[in-house]
Amino acid sequence: AIERTFSIIKPDAVAKNHIGAIYNRFESAGLKIIASKMVHLTKEQAEGFYAEHSARPFFGALVSFMTSGPIMVQCLEGENAVLANREIMGATNPADAARGTLRADYAASIDENAVHGSDALASAEREIAYFFSADEVCPRTR
Ligand code: CMP
């Protein structure tokens with residue numbers, strides 16, 4: 001089915017000028033970028049986005065990294081978009097990421113791992129709404 005998923009290019013990958021290379025991976029895989037913007041998260045925005053991880057030992061480091069510089073946030077649309085994007089990204093820990101995935105090619109560590117992608121349809125819906133109003137999402141008819 002055609003799905004929408006939410007994606008972040010994290011501060012490490014933006015700082016290394018990998019935005020275009022990563023967008024190329026999405027588009028080459030048939031995922032369409034239907035909303036996109038650059039944002040520099042506040043501590044409150046990062047804490048809210050990652051609230052489900054608030055009890056984890058890495059939460060403080062995660063929030064501090066995600067607020068360390070601008071990020072690109074995007075909504076991707078396509079066949080099985082949630083799983084397709086997770087395959088493009090590779091495993092959370094770049095040490096475990098398959099060859100040719102974004103994390104294998106662009107991530108330095110589990111903390112600075114270049115990209116985020118929704119893990120399920122329900123979280124995709126929540127995450128898209130966290131960053132984009134309805135009029136900022138532009139479904140493609142061709
Ligand atoms: P992300 O998909 O953005 O969701 C939460 C982030 O926490 C994750 O990617 C990792 O970058 C980071 N993180 C750091 N340590 C861990 C860990 N042990 N397990 C999962 N995520 C971690």
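Strand S4 contributes the most to the lining of the largest pocket, namely three residues. The model is a predicted one, in which local features need pLDDT of at least 70 and side-chain atom pairs count only at pLDDT 80 or more, while totals for chains, interfaces and linings use all residues. Residues are numbered from 1 along each chain as its sequence is written, and side-chain values use heavy atoms, with hydrogens and water left out.

A pocket is defined on a 1 Å grid over the protein atoms alone, as an open set of points where a 1.4 Å probe fits, with protein on both sides within 12 Å along at least five of seven lines; its lining residues have an atom within 4 Å of a point. The volume of the largest pocket is about 460 Å³, a volume being the space filled by probe spheres set on the points, which are joined across faces, edges and corners. Its lining consists of 21 residues, and Lys 10, Tyr 50, His 53, Thr 92 and His 116 lie nearest the centre. Helix H5 (81-89) and strand S4 (115-117) each supply at least two of the lining residues; helices (H or I, at least four residues) and strands (E, at least two) are DSSP runs, numbered from the N terminus.

The UniProt record, an unreviewed entry, lists Lys 10, Phe 58, Arg 86, Thr 92, Arg 103 and Asn 113 under "binding site". From this set, the lining of the largest pocket takes in Lys 10, Phe 58, Arg 86, Thr 92, Arg 103 and Asn 113. Such annotations may be inferred rather than shown by experiment; the positions follow the numbering used here, and feature names are shortened.

Phe 58 is found between helix H3 (43-49) and helix H4 (59-66), and Thr 92 between H5 and helix H6 (102-106). Beyond its neighbours within four places in sequence, Thr 92 is in contact (heavy atoms within 4.5 Å) with Arg 103, Ile 110 and Asn 113.

Attention now turns to helix H7. In H7 (residues 121-131), Ser 123, Ala 124, Glu 127, Ile 128 and Phe 131 are buried, that is, under 20% relative accessible area with a 1.4 Å probe and protein chains only, where exposed means over 50% and partly exposed lies in between. Viewed down the axis of H7, the buried residues fall within an arc of 135°, so they line one face of the helix; the arc is taken from the directions from the helix axis to the C-beta atoms. The face turned away from this buried side carries the exposed residues Ala 122, Glu 125 and Ala 129.
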